[in-house]
Amino acid sequence: MPRKLLKLVDELQNKKIMIIGDMVADIYLEGRISRISREAPVLILEHAGETVVPGGAANAVHNAATLGGTVFAVGVIGADNAGVQLTQVLNSKGVNTGGFITDAGRPTITKTRVMAGGQATVRQQIVRIDRECKQALTPAVEEGLLHYIANHVREMDAVVISDYGSVPPAIREAVIAACNQAGIPSMVDSRYGVMAYSGIRIVKQNESEAASALGLDLREPEALMQAGRTMLDRLQAEAVLITQGPDGMTLFERSGPVSHIAVSNKSEVYDVTGAGDTVVVTMMLALAAGAAYYDAACLANLAAGVVVRKPGTATATPAELKQAIGEQQL
C-alpha cells in the first residue's frame, strides 16, 4: 500500500479539478494588547497586521493547488477589497480564477477574526465578525456561473461542489448532469443540504452533518452505518465518505465494501480547521489519477493527518504527503 500511495502522489500532479462553491476570505486582524479601555471593560489593541487566508470553498481550492492540481475556482465575490485580496492570494498559487463572478450588490463572504496577544501572553481569538449576504444570487450572476461551468467542465478530470449554503439548485443540477454525461467524477461536500444532491457520484460528510441530514442520533451504535447506506441509496451515489474526527473515517461503496480508516497521527492533532477540505480535494485528485475509492480515501486520510498538525486552515504539499506515507512504514 505505501508504494502504491507514493506513486499516486506523483500521478495526481496537474490533474484538472474544478471547485465550485462559497468562496470565503478569512481575515485575521492582529493586535498587541495595550491596556484596558476607560470607556468599557474591554481590551485596547494596537493594530499589528492583517492577513487574508482562503476559507470555505477557497480553502479547498488552496489545498488542491498546493497538492499540485490544476485548479479552476468558480464562485461569487463582491466588488470589494476582500474579493480582490482573495483573488490575488489564489492567483499567486497558480489558481485559475476566471470563474469568479463579481457581484457589486453583495460583499465577498468574510470571516474576520480579531487576534490578540502580547510578548508574555498567548495569541488568541477574541471575537469573530461574519459578513455574508443571505439573499439568492441574481439571475445575471447565476447565468454567469452557469456559462463558465458549461464552457469548462468537460475539460476537467474531477469536479467538487463545496456547498456552505448558497449553491443554487440550477448550478447543482447542471454540474451533476454534465459530469455524469461526460464520465467525470464529482463530489459534494455540503454543510446543510447534501440530500438535494441526487445523482452525485461521491459524497463527503462529517459525522454531525450526516446525522443532521438524516435526522439520526449518532450516539446510537448503528447510526453511522445507517447514515452511509442511506445516503448511498437515496442519492444513488457510488461512494460515501464520512469523516469522524479522532475516530478516522468510514468509506461506503455502492459495490458493497464498508471500510474504516483510522487516523494516522492521533497524538499530534493541533487544529482540525479546514481538514475536511483537504480530505475532499486529495480524494478527488487521486480519483482523477485513476485510484480506487479505498486508495483515494487512504491518501486523503494521510493528507488530513498532515494539516491537523498545523494551526488554522492549512495545506499539505506533495513532499509532506510522501513523508506521511513513509512514516506509515516505520
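This is a predicted model: local features need pLDDT of at least 70, side-chain atom pairs count only at pLDDT 80 or more; totals for chains, interfaces and linings use all residues.

Residues are numbered from 1 along each chain as its sequence is written, and side-chain values use heavy atoms, with hydrogens and water left out.

Okay, the whole protein. We have ten helices and 13 strands; helices are DSSP runs of H or I with at least four residues, strands are runs of E with at least two, and both are numbered from the N terminus. The C-alpha trace spans about 65 × 55 × 40 Å along its principal axes. The radius of gyration is 20 Å, which agrees with the value near 20 Å for a compact globule of 330 residues. That one is taken over C-alpha atoms, and the globule rule is 2.2 Å times the number of residues to the power 0.38.

How much of the protein is buried? Of the 330 residues, 52% count as buried, and here buried means under 20% relative accessible area, exposed over 50%, and partly exposed in between, with a 1.4 Å probe and protein chains only. As for contacts (heavy atoms within 4.5 Å), residues 24 or more positions apart account for 67% of those with a separation of 6 or more.

Now helix H2, residues 57-67. Ten of its eleven residues are buried, so H2 is largely enclosed by the rest of the structure. Among the buried ones are Asn59, His62 and Asn63.

On to helix pairs. Two packed helices are described by the angle between their axes and the distance between the axes. The axes here are lines fitted to C-alpha atoms, for helices over the stretch in contact, and angles run from 0 to 180 degrees between N-to-C directions.

Take H4 (residues 139-152) and H5 (residues 169-182): they pack at about 10°, axes 10 Å apart. That makes H4 roughly parallel to H5; the cut-offs are under 35 degrees for roughly parallel, over 145 for roughly antiparallel, 65 to 115 for roughly perpendicular, and oblique for the rest. From H4, Glu142, Leu145, Leu146 and Ile149 meet Ala170, Ile171, Ala174 and Val175 of H5. By class, that's seven nonpolar, no polar and one charged. Nonpolar here is Ala, Val, Leu, Ile, Met, Phe, Trp, Tyr, Cys and Pro, charged is Asp, Glu, Lys and Arg, and polar is the others, Gly among them.

Then there's H1 (residues 2-11) with H9 (residues 293-307), whose axes come within 10 Å and cross at roughly 80°. H1 and H9 are therefore roughly perpendicular to each other. Lys4, Leu5, Leu8 and Val9 of H1 make the contact with Asp295, Cys298, Leu299 and Leu302 of H9.

Most residues other than glycine have a negative phi. Asn14, in the loop between H1 and strand E1, has a positive phi near 70°, and at 58% relative accessibility Asn14 is exposed. Gln236 sits between H7 and E11, also with a positive phi, near 55°, and is partly exposed at 47%.
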